[in-house]
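Thanks for coming. I will take a few minutes on charged side chains and how they pair up.

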Amino acid sequence: NIEKSLASYDIFHWLDENERRELHGDYELLSMELLAEIHVKKPGYVNILPKRGAGSSLTSPPLFDWQSWKLRDSINDDDQQTLPSFDEEDDLSERDRLWITGFSLTKNRGELHTLDVETGAMSYVNEMTARAIKWPNEVASIPQQQYVMNHQANSSSTYAYSSGEQLEDALLVTDGFLVPGKDKGGLYVVRNPTNSVTERRVCLTGVMNLQGDIINGESDWFYHRAVWMDMTGDGRQSILAARAKLPLLKGNSQDDNGTSGKGQLVWLERPMPHTFDERTGTPLDVDGTVFDPFSPANTPWKLRVLDEGPDVMFSVADLDPQDDTIEVIASQFFSKKLSLHSIKLGPEPEVTFRRVIDDRCGAAFSSVLADLDGLTTMQHDDTVSYPMVVDSGSTVVSLNRNDPFSHLLVTSHECSYADSSGEPDEDRASTTDTEDFESEVTVSSTSSSSASSTTQSKIDGGSLFAYRVPTGKDAWK
């Protein structure tokens, strides 16, 4: 409902009338409008998730003065404005809920808030959850796991599947950071989040005591990102995650590569039901009750290390849809590099290929797949194979699964493409096979005598890099 801005044409003064019509008809020129200010404590990460998932059990009436931008066109312009009718039974499939996590260096608790973008109502998790999850990072929806019973002549079998459309009223929360006291993180499931009556939490990476601290399990790692993935090919939605530990603040020395810290790409296997009801196919636990993968009897989940290196953010792609692998593209913050890890899916998932894409990008953080070439709107030649999105790596949905993409966007806290003298740092070339990878960062010269030339210069601070992904078989592999 955001209208095109004709004022934007002023910057395209060289276009003739026909070219401007083409620009107006084929390209979106969007205007921005301040709609509301949302005040929460210590905001950190922002996620937009489907309303039909986490928080769906909440029933909150709209705030008196809240006007949803999705419904603003239906509001009268006169002084006596009326809000659109609100019916909790309306279809939630296209509605969103904003989740905001936050953290503090001094307080021994995290912040986890949600905003219903239709009504303006805000909620937050209870105190026990906030004290257990001291440094919440990204959050994600949880898909419902379903089972289908196949009856044959002499036997029956059951297989799992998840359409991705049906979601649990639950939230997957990554937790922890390098700050002492907050570095014992984990992966948490918060069921019925912000529901004052039924909210519960469980840790998938360890066992918690009554105070919410992990007393047994993988407690010395912190997590920034986790995604749901069928790793074993049997329909079970397991978790693929990156985790890190950085003992530098505790006085530990750096490793042999000069890296003060450690990162790992891990997967947590979703447990299997003990048996199934022969008549209904209902999954059952060992005691005969309905199987619950998040119950204390089935947690923590079994964790396996797939590879070393990935520590914070990553995206997942299928660079070659014809093979049996997916590719994790990881921004390694502490190792200061961008890496690729090809995972062969199956009963025993394993990394079959790895490489460093760039080791001069500095302390890389985000890794987001982007379609800067507009591939999703083009008609594709069947003979050309484009890389496909599995998980875009963004907290706001921009590309969906199986969409083609053209670029990888990476943010970095620093860059070491050139030394302080402005000369390229040739000695820092990647130690892996990067002959087909071209990358450079150039900064325009400020000298009027050389306005058309560029010089390489060291970047110290926040930077955004766009890497064009090669097309064709074995791209980047």
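A salt bridge here is a side-chain nitrogen of Lys or Arg within 4 Å of a carboxyl oxygen of Asp or Glu. This is a predicted model, where local features need pLDDT of at least 70, side-chain atom pairs count only at pLDDT 80 or more, and totals for chains, interfaces and linings use all residues. Residues are numbered from 1 along each chain as its sequence is written, and side-chain values use heavy atoms, with hydrogens and water left out.

Searching the whole structure gives 14 salt bridges. I will walk through one group of them.

Start with E127 and R131, whose side chains form a salt bridge at 2.9 Å, N to O. Both residues sit in helix α2, four residues apart, about one turn of the helix. Helices are DSSP runs of H or I, at least four residues, and strands are runs of E, at least two, numbered from the N terminus.

Now accessibility: buried means under 20% relative accessible area, exposed means over 50%, and partly exposed is in between, with a 1.4 Å probe and protein chains only. R131 is partly exposed at 40%, and E127 is partly exposed at 37%.

What does E127 pair with besides that? E127 also forms a salt bridge with R109, with the closest N and O atoms 2.9 Å apart. R109 lies in the loop between β2 (96–102) and β3 (111–116), and E127 in helix α2 (residues 127–132), so this pair ties together parts 18 residues apart in sequence.

R109 is buried, at 19% relative accessible area. The side chain of R109 also meets that of E111 in a salt bridge, 2.8 Å from N to O, and E111 is buried as well.
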